[in-house]
Amino acid sequence: MASTVCVALYDYDPQNDDELRIREGDVINVTLKREDGWFIGTLQNGKSGLFPGNYVEEAPDTVFVAIPTAQKADGDGSVVKSEPHSQAKAQTIAPSDVGVTMATPAKKKRSGPNKLVLSYWSQNLMLMAAVFAIVLGSSAIFWVTSTDPYTANFILGKADGSEGGFWLPIYSIAIGTITIPIECAVGLKRPEDCIENRTKVSFFGIMYCLASLPLFLSGPTAFPAFFMLFGGVVKIIQSCNQETGEDALCCGKRKRVNGKVAKTTWDGEPLPTWKEKVAIWWDEIRRKSAVGTYVILTLYVLVNAALFVERMYSFLKIIRCSQNVLQPNGLCDSTELTEEVLANCEQDCEASTVTSRQPPFNAIPLSVWLAVAKGFGQLLNFNCALLLLPVARSFLLILNNKVVSMRQECAAWAPVQKNIEFHKLIAKWVMVCAIVHTYAHYMSAMEYADIYRDNLMLSPWITGGLILLSMFIIYTSAVDVVRRASYNLFWNNHHWFILFFGCLLVHGWVFWEWFLVPAVLYCGERVYRHRRGGTPWMVRKVKWRPPVLEVQFFPEARSQFKFKEGQYLYMNCPRLDTSAFKQEWHPFTISSAQGDLQFKDYVSCHIKVIPGGWTERLKDYFEEMNPGHDYPLQFSHRNDKGELVPGKLTGIDGKQIIRIDGPHASPSQHYDSYRRTMVVGAGIGMTPCASILRGIILYRWKKDFFPECLNFYWTLAYRDVDSFQWFVSLLSKMDNRLCADRAAGNLSPKNQLQIHIFITRYDASKARKHSFADRRMSVRSNGISAAKNSKNGVTVDELWEAMQAPHAKPTTFIENVVPPTGKKPINKVGDFMWIWSGRPVWDHVFSQVKSEGGHKQREDVGVCFCGAKVIAKDLARCCAEYSDNSGVVFRLHKENF
């Protein structure tokens, strides 16, 4: 056969020696297409072999150019030039004989970015172990200087009174100091052809394991020793998995290649006074709608400071009494004190008498370090209990539905949309408090080792170690880069919180008093979610528009599911669970409107199918229930009367097909709190936008509900246009419905709609090679064709073709949206849509929206966004810059992924 040039769609890692390793975007010269679905081809670097045919697509316009590879020398120094592997394979591997059943092509599996899963986690493990090695190693130095024999026994070489124990703490600090720059510089740099990937042996992993062994000889350094040993083992495992690294990585964060650091320049104006600086700072906070955030943070800091001071002061009074000469009855010696001080001292001693579970602090000498440990222990009580509230979804749903939606201003004063940021902030502060608390206890034990030995039980040391271990596992896998590489690793490690809180209840004698209310709320919510997940749900219809799977379903009891557009839910398929203890619940945004459940009897989710993942297995399961694989799949059952009605509850295994936990609150649900709303979606972040568009155009405007004016902005890459066929169909349908309702007089003139589609990375020179017929939608939706509804809005074909060749630049936004008299916009499709080529210039967008108001009185404009952080930052900047407290104020509700 003639060779064919193909481009890889997905990553593929070889399972056998004769298979070819390919990466997404690789250009491959295919020399043989076997009947079993496997291809034989050659990469541009000359490597050849077998690979699944469904991992690539033909690219007839792509030119295959072989890249010369360096000649290799064999052992005796002679140059060896290898024969192209594909030609040899083509001669030895023949196609399957006619009549042989064709093998099912391999399932597409998708690896993470550069196949890094454990690499990110192992780097965080080593960085955290290094920090503990430095901190606790410094405390070990003080232990070495102690003359107490009980303390000295914890240090190598000090048990016999020698002076050779200094080397271990110095070694611990040195190892921690060296580990940090090593991990930041080369922790993730691992080329595909390096010796670690060829031998599956991690040099750094072995070195870390060996370096950790001496640290076990000291009490203070035992924790970092275990942490470093654990991190080294993970590095060895990642090397066995042949994970390759990236060059542009440092400490788990990507470097900006073309990014520029903003520089401040002197503009010749006089420096503002401190009053003017405060006024500018406050005005910026108000314009950013961040007043509530700063108020809550201020209260949070003040509460922490008050708790620390109160606990610290109470123990300092106890220490003042304990440091004096003690009488046999445990009271202070009056020979060294005045009458006034004696009275206060005796009161302090009596007040310090606590429950029998604690040592009698009024009768033993204590260190000031103990007061520091107790002060930070109090902070741990408060913050560890507070950790659960920001992640209680039902609690947040009530706040969003009942509190924030009551008034527009509440969104600024009650920033519940920042719950995850607040949860992370508390977690970081808990880590700082835990390190200081541990360090202070080590220092106190160094001064009074015999007191700790005689009065403190062993359980606090055991539970404290388990708490640090659970924090070590949770924190190192909680960062975004690890979560994105392997969500299962993040989710499973987070369940160490059970051990964390269980040990805290034993470790802190009074922690249960702080933990009682949050624990009851959280446990009650988990029970409620479990019961809600067991509610019967029926699957009604499944549509497949590559690569998106639309699932329509409804609850058996409609009244039990009340949601708002923009919210999301968790979906589980019992058939795909490996066990009852490993249930997979995946979040998906609801793409239907409230009225769809009320009038059309369904809730829908649009799910992008990822090859090799849970979503593809879900699609395969739906196809198993319909062997014909003819989409759309219709599901039905017989009711008590024997009538065939839509919906199916159980699958082929007798289990419920899907289970639903939801709805859950999201920032986009507040779109209806404003007269004017801007809805922004980027890439897959436009799914809540679909729900909002349906809700407004099909239902809310007919009831004269807010918002009166809707501006929708959608940003996507040109290469992804084909992936959003379903949404293009929806836009056409909404445009047709809106035009029909206007013609029938069903809508008020005050209801205004603008839809702006920004298509990035469009190259006109390459796009012209494809005709519109070649790129026409593969699936028609709802029967809308070029001939239908031609008088009521834009057709699917018209919108589709306009998106294939965008030409208007976003820099001409204002002149095309508000053109001068007599000038027609060059990129307007229908009455409500504009197509742009390039990224939106948000300054032009906000300027145009601000000028639309036509009111001099104050007005809030809602900005609802779901998408990447980089766009969220631009929106936050523009909301602050274009807000005027006496005029238009933009309030941002953002959700990042």
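# Burial, ring pairs and cores in a predicted model

Reader: Where is the place of G231?

Author: G231 lies in helix α7, residues 222–240. Helices are DSSP runs of H or I with at least four residues, strands are runs of E with at least two, and both are numbered from the N terminus. This is a predicted model, in which local features need pLDDT of at least 70 and side-chain atom pairs count only at pLDDT 80 or more, while totals for chains, interfaces and linings use all residues. Residues are numbered from 1 along each chain as its sequence is written, and side-chain values use heavy atoms, with hydrogens and water left out.

Reader: Why does G231 count as buried?

Author: Buried means under 20% relative accessible area, exposed means over 50%, and partly exposed lies in between (1.4 Å probe, protein chains only). G231 has 0% relative accessibility, so G231 counts as buried.

Reader: Which residues does G231 touch?

Author: Leaving aside residues up to four places away in sequence, G231 touches S122, L125 and M126. A contact means heavy atoms within 4.5 Å.

Reader: Why is the pair of F382 and W514 called edge-to-face?

Author: Rings of Phe, Tyr and Trp (its six-membered ring) pair if their centres lie within 6.5 Å; planes under 30 degrees apart count as stacked, over 60 as edge-to-face and the rest as tilted. The structure holds 41 such aromatic pairs. The ring centres of F382 and W514 are 6.2 Å apart and their planes stand at 75 degrees, so this pair is edge-to-face. The pair links distant parts of the chain, 132 residues apart: F382 is in helix α11 (residues 368–386) and W514 in helix α20 (residues 511–533).

Reader: What makes the rings of F500 and F501 an edge-to-face pair?

Author: Their centres are 5.1 Å apart and their planes stand at 80 degrees, so the pair is edge-to-face. F500 is buried at a relative accessible area of 6%, and F501 counts as buried at 8%.

Reader: Which residues touch the most other members of the largest nonpolar core?

Author: A nonpolar core is a set of buried Ala, Val, Leu, Ile, Met, Phe, Trp, Tyr and Cys residues joined through side-chain atoms within 4.5 Å. The largest one has 68 residues, and W121, F132, F227, C384 and F501 touch the most other members. Its largest share, 13 residues, comes from helix α14 (residues 419–447). Beyond residues up to four places away in sequence, F501 touches C384, L388, F511 and F515. A second, separate core has 44 residues, including V548, W701, F727 and Y762.

Reader: How do you know that the charged end of K619 sits over the ring of W544?

Author: A charge sits over a ring if NZ of Lys or CZ of Arg is within 6 Å of the ring centre and within 35 degrees of the ring normal. The charged end of K619 is 4.7 Å from the centre of the W544 ring and is classed as sitting over it.

Reader: Why is D704 called partly exposed?

Author: D704 has a relative accessible area of 47%, so D704 is partly exposed. D704 is found in the loop between α23 and β20, and has a positive phi of about 60 degrees although it is not a glycine.
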